[in-house]
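Subject: Structure handover

Hello,

Here is the structure I promised you. Please open it first, then read my notes beside it.

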Amino acid sequence: MTSPLPQDPGTAPAPPAGEDGGGAVRGFGPEWRLGPDGLLFRRAARVILLDEHDRVLLVRGHDADQPDRSWWFTVGGGLDDGEDPRSAAVREVREETGIALRAGDLVGPVFTRSAIFDFFARHCRQDEEIFLARVRSADVGALSREGWTDVELDVIDELRWWDLDALAAVEIEVFPAGLAELVRSVLAWDGQVRHLGLARE
């Protein structure tokens, strides 16, 4: 059973799909709902995707309303209606990278977290389950953008494998904060889900 995600005392869960018709906002898909706290909200599944050299595959993106600000983050995205986090994680990895995983390839979730951030000039809250998966670089081949949505094509700048020492020294923002050390802490996972709490990004 998946451990519950941490909740910020000042927020409340978003309503179920269909109660408010979510997604009627520029740049946001139908998985986003307007929560009772006034923030756009979604549940998400993310993947720390490692190769045999312990390099982690990350995405660099920017905000269309703040094009001079960019950041690195893990592969993943929002859960579709009726979708469980593992299925969403597998789908998102395939769509964003072209890498085909199976649900059984995922370890964890190793982390859960909540984040409040601005995107497309809107305040958003996302609750995340973060899984770990390994692939062999020789089996991956060229990374693919064929599954990217129009919004992703507009705001995602690149995919890159990162050595953890280099990632720890990168100068632009990385989410979650301290990702290199978080990855190191689960290279040999002890089976405990770590709750990273609420980040304001």
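The model is predicted: local features need pLDDT of at least 70, side-chain atom pairs count only at pLDDT 80 or more, and totals for chains, interfaces and linings use all residues. Residues are numbered from 1 along each chain as its sequence is written, and side-chain values use heavy atoms, with hydrogens and water left out.

Helices (H or I, at least four residues) and strands (E, at least two) are DSSP runs, numbered from the N terminus. H1 has 13 residues, which at 1.5 Å a residue should span 18 Å. The expected span is 1.5 Å times one less than the number of residues. The end C-alpha atoms of H1 are 18 Å apart, which agrees.

At its N-terminal end, H1 is capped by Asp-84. A side-chain oxygen of Asp-84 lies 3.1 Å from the backbone nitrogen of Arg-86.

Which residues of H1 are buried? They are Pro-85, Ala-88, Ala-89, Val-90, Arg-91, Glu-92, Val-93, Glu-96 and Thr-97. Buried means under 20% relative accessible area, exposed over 50%, and partly exposed in between (1.4 Å probe, protein chains only).

**Salt bridges**

The structure holds 13 salt bridges. Each is a side-chain nitrogen of Lys or Arg within 4 Å of a carboxyl oxygen of Asp or Glu.

Start with Arg-91. It forms a salt bridge with Asp-80, with the closest N and O atoms 3.5 Å apart. This pair links distant parts of the chain: Arg-91 is in H1 (residues 85–97), Asp-80 is in the loop between S4 and H1, and they are 11 residues apart. Arg-91 has a relative accessible area of 11%, so it is buried. Asp-80 is at 38%, so it counts as partly exposed.

Arg-91 also forms a salt bridge with Glu-83, where the closest N and O atoms are 2.8 Å apart. Salt bridges that share partners join Asp-80, Glu-83, Arg-91, Glu-92 and Glu-95 into one network. Both Glu-83 and Arg-91 are buried.

Another salt bridge joins the side chains of Arg-55 and Asp-51, at 2.6 Å from N to O. Asp-51 is buried, at 0% relative accessibility. Arg-55 is partly exposed, at 27%.

**The nonpolar cores**

A nonpolar core is a set of buried Ala, Val, Leu, Ile, Met, Phe, Trp, Tyr and Cys residues joined through side-chain atoms within 4.5 Å. The largest one has 23 residues. Which of them touch the most other members? Leu-49, Ile-99, Leu-101 and Leu-106 do. Strands S2 (40–50), S3 (56–63), S4, S6 (122–134) and S7 (156–162), together with H1, each give two or more residues to this core. H1 gives the most, with four residues.

Look at Leu-49. Not counting residues up to four places away in sequence, Leu-49 touches Arg-55, Val-56, Leu-57, Val-93, Ile-99, Leu-101, Ala-133, Val-135 and Trp-161. Contact here means heavy atoms within 4.5 Å.

A second, separate core has 18 residues. Its members include Ile-130, Trp-162, Ala-180 and Val-186.

**Backbone points to check**

Two peptide bonds are worth a look. The bond from Gly-108 to Pro-109 is cis, with omega near 25°. Pro-109 sits in strand S5 (residues 107–119). The bond from Phe-175 to Pro-176 is also cis, with omega near -5°. Pro-176 is in the loop between strand S8 (173–175) and helix H5 (179–185).

Then see Asp-54, in the loop between S2 and S3. Its phi is near 60°, a positive value in a residue other than glycine. Asp-54 is partly exposed, at 26% relative accessibility.

**The whole protein**

Now step back. The protein has five helices and nine strands. Along the sequence they follow the pattern β-β-β-β-α-β-β-α-α-β-α-β-α-β. Of the 201 residues, 48% count as buried. Among contacts between residues at least 6 apart in sequence, 68% join residues at least 24 apart.

Best wishes

Key: Polar contact = N/O pair within 3.5 Å; in protein donor to acceptor, adjacent residues only side chain to side chain.
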